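Let's read a protein model together, one feature at a time.

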Amino acid sequence: MGSQVTESVTPNDEMAENYDVIASWFLTDWHEAPRDQVAGFMQRIWEEHSPPVNKVLELCYGPGLTLRELVRRGYGVTGLDASPTQLELAKQRLGRSAQVRLVEAGLPAIPLEEQFDAVVCAGGAFTYVPNSTVLLQAFQAVHRVLRPGGTFIFDLFSEALMQRCFEYTEDAPRGINLESRGLTFFLACHRPAAKDSYDLTFVQFLRNDATQTYTRSSAVHRVHTRPQERVTDLAVQAGFRRVQVFDNYRHQPSGPETLYETYVAVKPGGPPARPEASSGRAAHPPRP
Ligand SMILES: C[S@@+](CC[C@H](N)C(=O)[O-])C[C@H]1O[C@@H](n2cnc3c(N)ncnc32)[C@H](O)[C@@H]1O
């Protein structure tokens with residue numbers, strides 16, 4: 001009998017306390033972009049558009065790594081995440097900052113009535129969205145809360161990344177062992193029967209220094225890879241134009257080796273972008 005996976009909107013909670021350590025492992029071994037690079041990329045995209053970006057909505061902010069970088073750059077940020085655990089961690093990370101408001105809500109709903117200059121979603125969070133219907137609903141919700149001409153930046157794990165992860169961990173889980181934090185952490189990737197899906201199993205052992213015992217917790221994250229053309233079509237259906245795909249928060253087009261596909265989509269209606277804005281791969285030609 002096969003194992004059952006229940007898809008959770010808060011699959012990162014088990015490792016939330018140690019997310020900074022785990023994230024640094026993802027930066028080195030899995031080539032995730034450091035969050036200052038992520039925020040720097042966003043800033044440059046926004047500077048190529050006008051009018052200026054001040055008000056940003058970050059979806060699925062997790063423990064606040066990207067959020068902190070945006071706040072450091074002076075943006076007024078609202079964060080939305082489904083997890084109360086992540087909300088508490090992000091609050092601790094950010095301290096008391098007047099520029100930040102954190103909202104607990106689950107996508108595809110965005111229960112906000114105001115409009116933002118930009119919406120972002122980093123760290124592959126949209127890869128968790130279970131199907132195209134929900135992804136389209138999320139894109140439509142983003143479109144609704146963006147001002148005309150506003151930009152939407154998000155990333156998705158690519159098929160190349162998941163294949164690499166699968167090949168690398170299938171026979172032997174990979175992990176980190178950090179004595180100083182009392183943390184041992186393993187990752188294994190499997191292909192379930194579901195098409196274009198991968199199950200990432202995270203197992204964590206955390207030492208309790210007082211009792212010298214370890215607590216084991218585990219979580220299965222089901223992630224879904226999607227062709228760029230499909231994602232772009234959904235963005236266009238939701239009302240976006242000029243959808244471009246970049247390589248992992250760098251100003252170069254995505255290619256077959258790209259591990260984290262970085263999408264930039266624009267809501268029509270604002271002033272035209274400056275010419276240098278178009279350095280990514282146009283995954284979909286603009287509609288006339
Ligand atoms: C990988 S973390 C994101 C990390 C963060 N963006 C960063 O840059 O480090 C994924 C986050 O998405 C949130 N999440 C997952 N599904 C969600 C949903 N349907 N609605 C809102 N938040 C969700 C989880 O609670 C978790 O905090």
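Q: What share of the contacts in the chain with a separation of 6 or more comes from residues 24 or more positions apart?

A: Two residues are in contact if their C-beta atoms, placed from the backbone, lie within 7 Å. Here, 66% of the contacts with a separation of 6 or more join residues 24 or more positions apart. This is a predicted model, where local features need pLDDT of at least 70 and side-chain atom pairs count only at pLDDT 80 or more, while totals for chains, interfaces and linings use all residues. Residues are numbered from 1 along each chain as its sequence is written.

Q: Is Leu112 buried, exposed or partly exposed?

A: A residue is buried if 20 or more other C-beta atoms lie within 10 Å of its own, exposed if 12 or fewer, and partly exposed in between. Leu112 counts as partly exposed because it has 16 C-beta neighbours inside 10 Å. In the chain of 288 residues, 41% count as buried.

Q: Which residues does Leu112 touch, leaving out those up to four places away in sequence?

A: Leu112 touches Val103 and Val145. Its C-alpha is also 9.5 Å from that of Arg144, 32 residues away in sequence.

Q: Which residues are closest to the ligand?

A: A residue is near a molecule if its C-beta atom, placed from the backbone, lies within 6 Å of it. The ligand is surrounded by 20 residues, and the closest are Cys60, Gly62, Ala82, Ser83 and Gly123.
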